[in-house]
Amino acid sequence: MVKQSEEQARLALTDPLTGAENRRGFERAYQREWSRGQRQYHVFAMVLLDLDHFKRVNDVHGHGTGDRVLKTLCRTLKSVMRPTDHIGRLGGEEFALLLPGCQPDQLRAVVERVQQAIHAMNVHNDLQQPVPMTASGSFVSITPRPHQNLELGQVIDHLDSYLYQAKRNGRDSFISAEQ
Ligand SMILES: Nc1nc2c(ncn2[C@@H]2O[C@H](COP(=O)(O)OP(=O)(O)OP(=O)(O)O)[C@@H](O)[C@H]2O)c(=O)[nH]1
């Protein structure tokens, strides 16, 4: 009985297609990390990531292939991230990553690893033809301070404007959102 309700609680925080955290689950993870950071001056990093021309994948190869891309993306992200990191699906093909303890000077290398792993994703359409993918995004390092409050929505809005810039610059790039 207890097991069942634990499982129900987990499902309520999970995106059923990809197994990533849904917006609610990711919000919880963010709150937890923010509070921990405030107590311990603990740095963490956030990455916003959006697949490029995903609508075209659905239109050209079908929704089934599009779904496969999303599932493969999450599997791929998990394989290059730490087990303590979080992957949240914020909407269609937009994902956020939360990396506890990721030092600012390591962040660009982590993002490059993510970008390369996306290039190397091995997804095929129903005719077994490869479907190459790229993503655009932005990233920032956060050190919570006592008496400060930074909502997840504010961080996402901030990252979103840089992500938009990456799209406008021609996609397949990640931009630092440090100010
Ligand atoms: N297969 C599949 N498609 C989805 C899902 N959720 C959202 N989408 C599709 O994702 C597409 C997103 O399209 P856009 O927002 O135009 O983005 P885009 O084509 O990636 O263009 P850029 O972001 O500008 O590179 C839409 O066609 C949505 O229908 C899903 O769960 N599965």
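## Ground rules

Residues are numbered from 1 along each chain as its sequence is written. The model is predicted, so local features need pLDDT of at least 70, side-chain atom pairs count only at pLDDT 80 or more, and totals for chains, interfaces and linings use all residues.

Helices (H or I, at least four residues) and strands (E, at least two) are DSSP runs, numbered from the N terminus.

## Strand S1

Start with S1, residues 44-51. Here 8 of its 8 residues are buried. Buried means that 20 or more other C-beta atoms lie within 10 Å of a residue's own; exposed means 12 or fewer, and partly exposed is in between, with C-beta atoms placed from the backbone. In a regular strand the side chains alternate between the two faces of the sheet. On one side of S1 sit Phe44, Met46, Leu48 and Asp50, and on the other Ala45, Val47, Leu49 and Leu51; both faces are covered.

S1 has paired strands (DSSP must find at least two bridges between two strands). It runs antiparallel to S3 (residues 94-100), joined by 7 bridges. There, Leu48 stands opposite Ala96. S1 also pairs with S4 (residues 135-142), again in the antiparallel sense, over 8 bridges. In that pairing, Asp50 faces Ser136.

## The nonpolar core

Nonpolar side chains tend to be buried together in soluble globular proteins. A nonpolar core is a set of buried Ala, Val, Leu, Ile, Met, Phe, Trp, Tyr and Cys residues joined through C-beta atoms within 7 Å. The largest one here has 44 residues, and Ala45, Met46, Val47, Ala96, Leu97, Leu98 and Phe139 touch the most other members. S1 gives the most to this core, with 7 residues.

Look at Val47. Leaving out residues up to four places away in sequence, Val47 touches Ala96, Leu97, Val111, Gly137 and Phe139. Contact means C-beta atoms, placed from the backbone, within 7 Å.

## Around the ligand

The ligand has 17 residues around it, and Asp52, Phe54, Lys55, Gly66 and Gly92 come nearest. The elements giving two or more residues to this shell are S1, helix H3 (54-61) and helix H4 (63-80). A residue is near a molecule if its C-beta atom, placed from the backbone, lies within 6 Å of it.

By class, the shell has 8 charged, 5 polar and 4 nonpolar residues. Ala, Val, Leu, Ile, Met, Phe, Trp, Tyr, Cys and Pro count as nonpolar, Asp, Glu, Lys and Arg as charged, and the others, Gly among them, as polar.

H2 covers residues 23-40; its 18 residues should span 26 Å at 1.5 Å a residue, and its end C-alpha atoms are 25 Å apart, which agrees. The expected span is 1.5 Å times one less than the number of residues. Its buried residues are Gly25, Phe26, Ala29, Tyr30, Glu33, Trp34 and Gly37. Their cover includes S1, S2, S3 and H6. Next comes Tyr41, with a positive phi near 50 degrees.

H6 has 17 residues and should span 24 Å; its end C-alpha atoms are 24 Å apart. Leu152, Leu159, Tyr162, Leu163 and Ala166 are buried in H6. The buried residues of H6 pack against H2, S1, S4 and S5 (174-176).

## After H6

Gly170 follows H6, with a positive phi near 115 degrees. Arg171 lies in the loop between H6 and S5. Its phi is positive, about 70 degrees, although Arg171 is not a glycine. Arg171 counts as partly exposed because it has 14 C-beta neighbours inside 10 Å.

Methods: Two residues are in contact if their C-beta atoms, placed from the backbone, lie within 7 Å.
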